[in-house]
Amino acid sequence: MPDLSQARRSVLEGLGSSDGAHGALSLLPPISRLIFRGRISTIGRVAAAFGVEPAMEPCRAAVSGERAALWLGPDEWLLLAREGEAPAIIGRLADALAPLSYSLVDVSHRQVGLKVTGEDAQAILNAGCPLDLDRHAFPIGMCTRTLLQKTEIVLWRVAEAAFQLEVARSFAPYALRFLQQAERDL
Amino acid sequence: MLLIDCPFCGKRPELEFRYAGEAHIARPADPSGLGDEAWGRFLYGRGNPRGMHAERWRHLNGCGRFFNALRDTTDDRFAATYKIGEERPMVAEPQGARKA
């Protein structure tokens, strides 16, 4: 198979991260992303092979080192790891889960990571996201699929004033420009 | 904005949800044994009640799961939401309020 990792460029290159506004937006470097779907009984083996115990509590992310497992649905998790690790993770999970049925899809190139930081992060996101992002309603470690104006995103609060967004590659320029506009409008 | 109580994620804005028709309509176990009329009833016969309606919803831009809900078709209030496979909960319907 040809090595495409050298050819990987962000779809957002050249769009600028912040347009000279408050500097709240930044692009995240490429990472490995996998969607795991399987029964609850498979989770113990996933935890052992992946190194992160996927959260059972709805809308919660589990983090260990540079890896994370985000709850997206009652049988669906988004696994994040360092760039280039996906093939090795798929191999390890395949070994660990051998006789069980599950689904594991490499979506590393399907979506793009963005970060919104600072005390205005909530206001910027709420320009297009109808969720209550107050820290009591949306605490640190909470993650969920939701909407940003017209596009679906995965929103994850990684710190008190820092949110990570995963947005589909084809919608990323739209999402970034929308957030830039929201930042300018503050 | 109307909030819908997803059985998995909790109260979420209605934008994230999609309506998916009347609930509790079981596909006949043996379709080839049915007459045209009975099959047509399964495909197209719907209650369309004025008042409490059991219906399927999908939390499309959230956990992605289907669930059932009891919604009052006259005022759009959700009386209850429950997971697929659970019994329809008993919800008291206000009487007399919805005479045409």
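Strands, like helices, are DSSP runs numbered from the N terminus, a strand having at least two residues. The legends below describe close-up views of a predicted model.

**Figure 1. V154(A) in strand β9 of chain A.** V154(A) is part of strand β9, which covers residues 151-159 of chain A. A residue is buried if 20 or more other C-beta atoms lie within 10 Å of its own; V154(A) has 20 such neighbours and therefore counts as buried. Leaving out residues up to four places away in sequence, V154(A) touches L70(A), L78(A), C143(A), R145(A), L165(A) and E166(A). Although V154(A) and A69(A) are 85 residues apart along the chain, their C-alpha atoms are separated by 12 Å.

**Figure 2. The largest nonpolar core and the surroundings of V116(A).** The largest nonpolar core has 56 residues. Those that touch the most other members are A69(A), L70(A), L79(A), V116(A) and C143(A). For V116(A), neighbours within four places in sequence are set aside; the remaining contacts are A24(A), L25(A), A121(A), I124(A), L125(A), F163(A), L165(A) and L179(A).

**Figure 3. The crossing of helices α1(A) and α2(A).** Two packed helices are described by the angle between their axes and the distance between the axes. Here the axes of helix α1 (residues 43-50) and helix α2 (residues 86-96) of chain A come within 9 Å. They cross at roughly 140 degrees, and the two helices are therefore oblique to each other. The crossing of α1(A) and α2(A) is right-handed. On the side of α1(A), the residues that take part are R45(A), V46(A), A48(A), A49(A) and F50(A). They meet I89(A), R92(A), L93(A) and A96(A) of α2(A). The residues of this contact comprise seven nonpolar and two charged, with no polar residue.

**Figure 4. R92(A) in helix α2 of chain A.** R92(A) belongs to helix α2 of chain A and is one of the residues of α2(A) that meet α1(A). R92(A) has 16 other C-beta atoms within 10 Å and is therefore partly exposed. From C-alpha to C-alpha, R92(A) and V46(A) are 9.2 Å apart in space, while 46 residues apart in sequence.

**Figure 5. V105(A) in strand β6 of chain A.** V105(A) is located in strand β6, residues 102-106 of chain A. Because 12 C-beta neighbours lie inside 10 Å, V105(A) counts as exposed. Apart from residues up to four places away in sequence, V105(A) touches L34(A) and I35(A). Between the C-alpha atoms of V105(A) and L78(A) the separation is 9.7 Å, and these residues are 27 residues apart along the chain.

**Figure 6. The contact between chain A and chain B.** Chain A contributes 13 residues to the contact and chain B contributes eleven residues. On the side of chain A that touches chain B, the elements giving two or more residues are β4 (67-73) and β8 (143-148) of chain A. The largest share of this side, four residues, belongs to β8(A). By residue class, the side of chain A that touches chain B has seven nonpolar, three polar and three charged residues.

**Figure 7. The elements and extent of chain B.** Chain B has one helix and six strands, and from the N terminus on its elements follow the order β-β-β-α-β-β-β. The C-alpha trace of chain B spans about 45 × 40 × 20 Å along its principal axes. Chain B has 100 residues, of which 16% count as buried. Among the contacts in chain B with a separation of 6 or more, 53% are between residues 24 or more positions apart.

**Figure 8. Two loop residues of chain B with positive phi.** N48(B) is placed in the loop between α1 (36-44) and β4 (52-58) of chain B. Its phi is near 45 degrees, a positive value in a residue other than glycine. N48(B) has 8 C-beta neighbours inside 10 Å and so counts as exposed. D76(B) lies in the loop between β5 (66-72) and β6 (78-83) of chain B. The phi of D76(B), which is not a glycine, is positive at about 65 degrees. With 9 C-beta neighbours inside 10 Å, D76(B) also counts as exposed.

How values were computed: Residues numbered from 1 in each chain as written. Chains lettered and ligands numbered in written order. Predicted model: local features only at pLDDT ≥ 70, side-chain atom pairs only at ≥ 80, totals over all residues. Contact = placed C-beta atoms within 7 Å. Nonpolar A, V, L, I, M, F, W, Y, C, P; charged D, E, K, R; others polar. Core = buried A, V, L, I, M, F, W, Y, C linked by C-beta atoms within 7 Å. Axes fitted to C-alpha atoms, helices over the stretch in contact; angles between N-to-C directions. Parallel < 35°, antiparallel > 145°, perpendicular 65-115°, else oblique. Left-handed = near helix turned anticlockwise from the far one by under 90°.
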